[in-house]
Amino acid sequence: MIVEDPDRFGLDLSSGGAESRRLNVLEFGAGTGLVSLAVAKLLDILPSFNHCEVSVVATDFYPSVLANLRSNIDTNFPPTHNQISSAHSITTHFLDWSSFSTTPRPDDLSCPFDIVFGADIIYEAQHAVWLRDCLKGLVRRPSDGAASPAAFHLVIPLRPTHTFESSTVESVFLKACDVDPNDDADLVIVSKESIVCDAHGDYTRGQGLDEDVEYVYYKIGWSNAQL
Ligand SMILES: C[S@@+](CC[C@H](N)C(=O)[O-])C[C@H]1O[C@@H](n2cnc3c(N)ncnc32)[C@H](O)[C@@H]1O
């Protein structure tokens, strides 16, 4: 989805006056890093990033996952120190959602992020709450004066075994239309879209290989921003 339509994820700056801009991109629970790697590969292809300095930070908390993530980044960006080009970078960092608000913030996570990605990261009852708390400290606020509003792009599979966990996204984040504009700024669901994928050949599902898999794509942003 990102590669087919980067603009949708705030990644085509051709219309937004990207001259000399800096863009900070974060991924939660990056796993193998596929999302961050795809974004980083796009940066060198999309002409709109020529004059924009982009930092991609792929995070996870599990030591062996982080080691594999680092290795995947080195394999995909072998030249000097993971520098994609002179203006862009991709790095990995430890980030545990459950302890983010109670531990000191490392330098790599100190800048406000413009675009945050999360793929398949809601499968425990507390995940949505923890992620909301992380987002509040990490997502750029509209008052920071960025050209376009910051957003968290979350895609989750709707697993029949995890209906409660999936539903927590909508109990933790209100819909933008349900928020009182006089209330303090909060993180809200700006849009929700159902995606059905043909899972034919998905080896992880064992039986029933011809089943479709349904995902939901949530775009989450600050309630007082124009998204
Ligand atoms: C199902 S995997 C998804 C990986 C990747 N985003 C993808 O779509 O392939 C969930 C990831 O979230 C990470 N994760 C789970 N709990 C976490 C936590 N409390 N803090 C940070 N990462 C966590 C796991 O280590 C794992 O890499």
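Glu 27 has Phe 117 in E4 as its bridge partner. The two strands involved, E1 (residues 21-28) and E4 (residues 115-119), pair in the parallel sense over four bridges; strands pair if DSSP finds at least two bridges between them. This is a predicted model: local features need pLDDT of at least 70, side-chain atom pairs count only at pLDDT 80 or more, and totals for chains, interfaces and linings use all residues. Residues are numbered from 1 along each chain as its sequence is written.

**Sheet**
- Eight strands form an open sheet with mixed pairing, in the order E3-E2-E1-E4-E5-E8-E7-E6.
- Strand E3 (88-94) and strand E6 (174-175) each have a single partner strand, so one side of each lacks a neighbour in the sheet.

**Overall make-up**
- The protein has four helices and eight strands, taken as DSSP runs numbered from the N terminus (helices: H or I, at least four residues; strands: E, at least two).
- Along the sequence the pattern is β-α-β-α-β-β-α-β-α-β-β-β.
- Of the 227 residues, 32% are buried (20 or more other C-beta atoms within 10 Å of the residue's own; exposed means 12 or fewer, partly exposed in between; C-beta atoms are placed from the backbone).
- Among contacts with a separation of 6 or more, 72% join residues 24 or more positions apart; contact means C-beta atoms, placed from the backbone, within 7 Å.

**Ser 143**
- Ser 143 sits in the loop between helix H3 (127-138) and strand E5 (151-157).
- Ser 143 counts as exposed because it has 10 C-beta neighbours inside 10 Å.
- Ser 143 and Ala 225 lie 82 residues apart in sequence, with 8.8 Å between their C-alpha atoms.

Key:
Two residues are in contact if their C-beta atoms, placed from the backbone, lie within 7 Å.
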